[in-house]
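Dear colleague,

Please find below the structure that I am handing over to you. My notes on what was found in it follow directly after.

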Amino acid sequence: MRKQFSEEEERRRMMEGKLYLPTGEELLADQAVCLERLYEYNHTRPSQNEEREALLKEMFAEIGEGVYLEPPFHANWAGHHVHMGKNVYANFNLTLVDDGEIYIGDYTMIGPNVTIATAEHPVLPELRQEAYQFNIPVHIGKNVWIGAGVIILPGVTVGDNTVIGAGSVVTKDIPSDVVAVGNPCRVLRPIGEKDRIYYYKDQKIDL
């Protein structure tokens with residue numbers, strides 16, 4: 001027989017990285033309210049910028065000015081546990097498994113079909129059968145570029161100014177000021193002097 005926890009204790013365990021059951025009535029009711037706002041956001045028209053901004057402020061734990069999330073946007077808690085800086089841009093189909101906390105820094109750009117996940121399930125089959133899970137926060141630095149189709153797993157930190165190449169699966173921390181690619185994602189090279197001269201292959205920056 002597993003330990004029995006109160007709704008309040010389950011909620012605390014949810015945010016502390018401990019095993020918990022995400023099936024309590026109060027927890028599910030709170031999540032349902034969040035998902036109603038998410039539904040509203042995803043059904044706004046492109047011209048409804050003010051409505052979108054207002055909904056994001058309601059949905060997110062923190063959100064800066066100038067954030068643009070292209071619908072459809074998907075999130076288990078509609079951003080309720082997401083702390084997002086200013087001037088963040090995300091293309092279509094950003095998926096945030098935000099049962100735990102996600103931190104995204106200013107000026108970060110996110111390509112289409114990116115997943116950032118905080119939730120895990122135990123390997124032990126008996127615990128999975130009972131629907132236990134645990135959540136580990138994710139930290140994305142400032143001015144990060146996350147390419148299309150990237151998957152960032154629970155507990156990962158990505159440093160400032162870093163580029164994560166398209167299709168990468170980020171299983172471990174990635175430092176600041178590097179280009180990192182692959183599955184699993186690894187540092188390819190530092191961002192350096194060549195990047196001050198060329199923006200793409202032999203194409204020179206002419207600004």
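Buried residues account for 40% of the 207 residues in the protein chain. Please keep in mind that this is a predicted model.

**The chain as a whole**

The secondary structure of the protein chain consists of five helices and 21 strands. Its radius of gyration is 19 Å, close to the 17 Å that the globule rule gives for 207 residues, so the chain is as compact as a globular protein of that length. Taken along the principal axes, the box filled by the C-alpha atoms is roughly 65 × 40 × 20 Å.

Of the contacts between residues at least 6 apart in sequence, 26% join residues at least 24 apart. The accessible surface of the protein chain is about 11,700 Å², and 53% of this surface belongs to carbon and sulfur atoms.

**The annotated region**

An unreviewed UniProt entry places the feature "domain: Maltose/galactoside acetyltransferase" at residues 11–65. Over residues 11–65, the chain is 62% helix and 4% strand. The end C-alpha atoms of this stretch are 29 Å apart.

**Three residues to look at**

Glycine 66 lies in the loop between strand 1 (62–63) and strand 2 (68–69). Apart from its neighbours within four places in sequence, glycine 66 is in contact with Asn87 and Val88. Proline 112 is 46 residues away from glycine 66 along the chain, and their C-alpha atoms are separated by 19 Å.

Asparagine 91 belongs to the loop between strand 5 (89–90) and strand 6 (94–97). Is asparagine 91 buried or exposed? Its relative accessibility is 19%, and a residue counts as buried under 20%, so asparagine 91 is buried. Leaving aside neighbours within four places in sequence, asparagine 91 is in contact with Glu70, Ile110, Gly111 and Pro112.

Lysine 194 is located in helix 5, which covers residues 194–197. The relative accessible area of lysine 194 is 58%; since the cut-off for exposed is over 50%, lysine 194 is exposed. How far apart in space are lysine 194 and lysine 204? These two residues are ten apart in sequence, and the distance from C-alpha to C-alpha is 9.7 Å.

Yours sincerely,
A colleague

Key: Residues are numbered from 1 along each chain as its sequence is written. This is a predicted model: local features need pLDDT of at least 70, side-chain atom pairs count only at pLDDT 80 or more; totals for chains, interfaces and linings use all residues. Side-chain values use heavy atoms; hydrogens and water are left out. Helices (H or I, at least four residues) and strands (E, at least two) are DSSP runs, numbered from the N terminus. The radius of gyration is taken over C-alpha atoms; the globule rule is 2.2 Å times the number of residues to the power 0.38. Buried means under 20% relative accessible area, exposed over 50%, partly exposed in between (1.4 Å probe, protein chains only). Contact means heavy atoms within 4.5 Å. Accessible areas come from the Shrake-Rupley method with a 1.4 Å probe; for residues, only the protein chains shown count as cover. UniProt positions are given in the numbering used here, feature names are shortened, and annotations may be inferred rather than shown by experiment.
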